[in-house]
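Here is a short report on one protein chain. It covers helices, charged pairs, aromatic rings and a surface patch.

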Amino acid sequence: MTHFLKDIWRQPEELQRTIELLTGRNGAGRGALDAATATIRTVRHVYLTGIGSSWHAALNASALFHRRAYPVYFEDAAELLTFATFPKDSAMILISRSGKSTEIVQLAAKARRAGVHVIGITNAPEGTLAKEAHIAIVVPVTFDHAISVNTYTTLALAAGMLAHRVIQGVSGSLEGLPSGEEGTTEPRLLLSKARNKEKREQDAELQMASFECRARLKSAPEVFQAQGDLKRRPPSDSELAESLSRAIAEAGRAIPGWQEQIAASVWLAPHSTTYFLARGPSLGSAYESRLIWEEGVKAPATAMGTGGFRHGPQEIVGKGVRFGLWIDGALMREQDLAVARDLRELGARVMLIGQKLPDDAGDLLFQLPAIPAEWQFLIDIIPGQLAAERLARLSGVDCDSFRLSSYVVEDQGGLLPKKARKN
């Protein structure tokens, strides 16, 4: 058994331990989570960032913020370090497994100099980020052998829990909306703006919001009906913890069956071209799978939003091209299943990952246990990890070692180790 596979197998246990750390009555991380939540609620601007697999974890969390009308600035840490200037009334959520990556260390220092509140989410209590952040949410886990597996999902879980805490009490109510508007956040923003205007302007805004929302509901009813849960309050910590724990346990029990599916499937093929497509909360899983392909299988792959793929990149579709698609638990399901059908009709092989999928929808199908749609990313990466480990072995590639990459990148510039460059 490869070290990569061993790390995948222990993932449910590490995730459950992280839930208890962050939500349990005696959870060591609750105080830091509370402090970070309070800080974010008091500032005007919020940045969410990481690099590598930590950036993918941030991508998952960003969807939780945005879905509840709590916008955050989301950008790769290297880009923020080089090209951004920060206003003082800001908080920055920095995610890093080691807390030692050069971009993270320098960005934290730059943010502090600008008067930004730095919130670190890391797996390493001894790392620079944990020591220098104003608030550090530390999720100690046994580090993975090489490819980020448990460090990735536990950081994604911690970032998601922070987003969940922040949106509680500030986005669970849409009172005052005209009938039929509860499924979208845009009318709420229009109405909030209208309340600050004169009565005449307010009435006009309300009428316009009502008209636009009803028109959109008529043209795309499934989207707005699926978003109807926005009117309800987010679940409490205990409710969420119970739901996620149940889904994680079921996913752990599903791993042997998923391995059997992979072993019998024709979807895996050495030296094939692979595209990963997803939307919303699962977009981070698509990008993380692309990275795992590059690190573990040593094969090129790409990842993008399913919507964006339909605007030009579909020209590459042909016989033998492999696609991995994540189907959201609530939104755009029929549209994305139609993408899968068309890909197969054009000769491509399709792997599908999601909840309640039609049995004949793909060449390789992973049925996920029930989990809140916006949290599906916690478990929908596992089939991708398993597939990458199997393909590495089929390709005769060592997935447990890196040829060029450092486990922690502590300097900028170049690809080869300094010794190799000198020689």
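Helix α4 is mostly covered: 14 of its 15 residues are buried. The model is a predicted one. Helix α4 takes in residues 53-67 and reaches 22 Å from its first C-alpha to its last, close to the 21 Å expected at 1.5 Å a residue. Just after α4, A69 has a positive phi of about 60°.

**A helix with one buried face**

Helix α15 runs over residues 333-345, which makes 13 residues. Its span from first to last C-alpha is 18 Å, close to the expected 18 Å. The buried residues in α15 are R333, D336, L337, V339, A340 and L343. Seen down the helix axis, the buried residues fall within an arc of 150°, so they line one face of α15. An α-helix has 3.6 residues a turn, so residues three or four places apart point the same way. Just after α15, G347 takes a positive phi of about 100°.

**Salt bridges**

Side chains of opposite charge can pair when their charged atoms come close. The count for this model is 14 salt bridges. Three of them are listed here.

| Salt bridge | Closest N and O atoms |
|---|---|
| R17 with E14 | 2.5 Å |
| R165 with D34 | 2.2 Å |
| R290 with E294 | 3.3 Å |

Take R17 and E14. Both sit in helix α2 (residues 11-23), and because they are 3 residues apart, about one helical turn separates them. R17 is partly exposed, at 38% relative accessible area. E14 is at 4%, which is under the 20% limit, so E14 counts as buried.

R165 forms its salt bridge with D34. This pair links distant parts of the chain: R165 lies in helix α8 and D34 in helix α3 (residues 30-42), 131 residues apart. R165 is buried, with a relative accessible area of 6%. D34 is partly exposed at 40%.

R290 and E294 are both in helix α13, 4 residues apart, or about one turn of the helix. E294 has 32% relative accessibility and counts as partly exposed.

Helix α8 (residues 150-167) also holds M161. Is M161 buried or exposed? M161 is buried, with a relative accessible area of 4%.

**Aromatic rings**

The whole structure holds 13 aromatic pairs. In one of them, the rings of F276 and W293 have centres 5.0 Å apart and planes at 75°, so the pair is edge-to-face. This pair links distant parts of the chain: F276 is in strand β6 (residues 274-278) and W293 in helix α13 (residues 283-297), 17 residues apart. F276 is buried at 0% relative accessibility. W293 is buried too, at 2%. F276 and W293 form one aromatic cluster together with W267 and W326.

**A nonpolar surface patch**

Which residues form a nonpolar patch on the surface? They are L404, L415 and L416, with about 310 Å² of accessible area together. L416 lies in the loop between α17 (382-394) and α18 (418-422). L416 is partly exposed, with a relative accessible area of 43%.

Key: Residues numbered from 1 in each chain as written. Predicted model: local features only at pLDDT ≥ 70, side-chain atom pairs only at ≥ 80, totals over all residues. Heavy atoms only, no water. Patch = residues over 30% accessible without salt bridge, like charges linked within 9 Å, V, L, I, M, F, W, Y side chains within 5 Å. Areas by Shrake-Rupley, 256 points an atom, 1.4 Å probe, with all protein chains shown as cover. Salt bridge = Lys/Arg side-chain N within 4 Å of Asp/Glu carboxyl O. Helix = DSSP H or I, 4+ residues; strand = E, 2+ residues; numbered from the N terminus. Buried < 20%, exposed > 50% of the residue type's maximum accessible area, 1.4 Å probe, protein only. Expected span 1.5 Å × (residues − 1). Phe/Tyr/Trp six-rings, centres within 6.5 Å; stacked < 30°, edge-to-face > 60°. Arc of directions from axis to C-beta.
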